[in-house]
Amino acid sequence: MTDLFRVVRADKGAVLVLPADGLDGEHEPHRVELDRDGLLATEDGERLPPTVGDWLRVDDTGPSLRPRTTALVRDSAGATSRVQALAANIDVVLVVEHLEPDPDLGRVERMLTLAWRSGATPVVVLTKADLVPDPEGMTAEVEAVALAVDVHTVSVPTGQGIDALRALLVPGATLVAVGPSGAGKSTLVNALAGRDVMATGERRVDGRGRHTTTHRELVPLAGGAMLIDTPGIRGVGVVADEDALDTTFADVAELAAACRFADCHHAGEPGCAIQAALDNGELAERRFDSWRRLAREAAYQARRSDARLRAEERDRWKKVTKEYQRGLRGPGRPRP
């Protein structure tokens with residue numbers, strides 16, 4: 001007997017799942033225990049930690065992970081070079097940023113890079129439009145860095161922009177909301193769901209929202225779409241993906257391609273198109289610095305990943321060699 005389930009929440013030692021035919025918001029999830037290492041086997045033999053949005057196949061041998069069509073991943077904290085999957089099998093990444101306090105353009109660029117890398121479609125959502133005097137002007141500043149991405153300005157209390165976002169909730173689609181603490185992600189998820197499905201905090205005396213979400217959770221909606229709320233992300237490491245970086249910074253990538261030398265470091269070399277754009281104001285210094293910083297992070301993460309893969313391959317061959325030598329000696333034969 002084989003059944004297919006969707007992970008709606010991943011906890012230490014277990015996941016909460018719903019059956020594939022029970023993603024209508026009317027069913028209660030049930031718990032699937034994990035092995036002691038908290039990992040599940042994939043079809044290619046790898047073992048990975050499950051995350052929200054994963055599909056599990058459960059049969060007589062136990063649960064296993066289905067291949068992910070898309071995955072929103074971040075560089076893991078600490079010394080390990082492995083990445084952390086924040087959500088899997090998603091169609092749209094809602095990059096949520098507040099207008100009050102002022103939006104952080106560098107953070108928007110960072111989140112967009114992760115979103116493009118995931119394989120899903122990024123959409124920027126600017127919240128708390130009712131708290132600022134010039135939401136249109138602030139939106140234009142974000143649009144200038146969110147190239148080829150739809151930008152929606154919303155206010156949950158007034159309902160501004162909510163209908164445009166609801167149009168994304170087509171049956172079968174999975175959306176994930178990412179952004180900083182206090183940006184109003186849970187409030188936005190509740191507004192899109194049409195009911196309180198996530199806890200929200202009271203607004204502080206300085207007008208800023210309190211962060212309340214402490215875990216990632218998939219919320220099935222009555223119309224057939226699914227929403228994933230996530231805890232606030234203060235800093236997120238960029239997982240190496242040159243294509244994603246070039247998409248987020250398409251303007252900078254185009255300039256870099258026009259430099260006289262292919263290995264131009266954009267630090268005073270002759271014929272540097274980026275330096276010329278900085279000098280004439282075509283490219284903002286802040287955006288160039290953001291691109292350079294994320295490119296360095298991506299290159300560093302790629303080096304860490306390559307080193308880990310080389311180490312794993314070396315360990316694998318050591319194990320194969322030991323088993324081969326053990327086979328030559330035969331059972332009970334002493335080492336020469």
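Here, contact means heavy atoms within 4.5 Å. Helices (H or I, at least four residues) and strands (E, at least two) are DSSP runs, numbered from the N terminus. The model is a predicted one: local features need pLDDT of at least 70, side-chain atom pairs count only at pLDDT 80 or more, and totals for chains, interfaces and linings use all residues. Residues are numbered from 1 along each chain as its sequence is written, and side-chain values use heavy atoms, with hydrogens and water left out.

Let's start with the sheet. It is open, has 6 strands in the order β12-β11-β10-β13-β15-β14, and its pairing is mixed; two strands count as paired if DSSP finds at least two bridges between them. At the edges stand β12 and β14 (217-220), each with a single partner strand, so one side of each has no neighbour in the sheet. Further in, β10 (residues 92-98) pairs with β11 in the parallel sense over 7 bridges, and V92 sits opposite T121 of β11.

| Helix | Lies across | Angle |
|---|---|---|
| α1 | β10, β11, β13 (174-178) | about 175° to β10 |
| α4 (185-193) | β10, β11, β13, β15 (226-229) | about 165° to β15 |

Now for helix α2 (residues 135-143): P135, M138, T139 and V142 are buried, that is, under 20% relative accessible area (1.4 Å probe, protein chains only). Seen down the α2 axis, these buried residues fall within an arc of 105° (taken from the directions from the helix axis to the C-beta atoms), so they line one face of the helix. They pack against α1 (105-118), β11 (121-127) and β12 (150-153).

Methods. Buried means under 20% relative accessible area, exposed over 50%, partly exposed in between (1.4 Å probe, protein chains only). Axes are lines fitted to C-alpha atoms, for helices over the stretch in contact, and angles run from 0 to 180 degrees between N-to-C directions.
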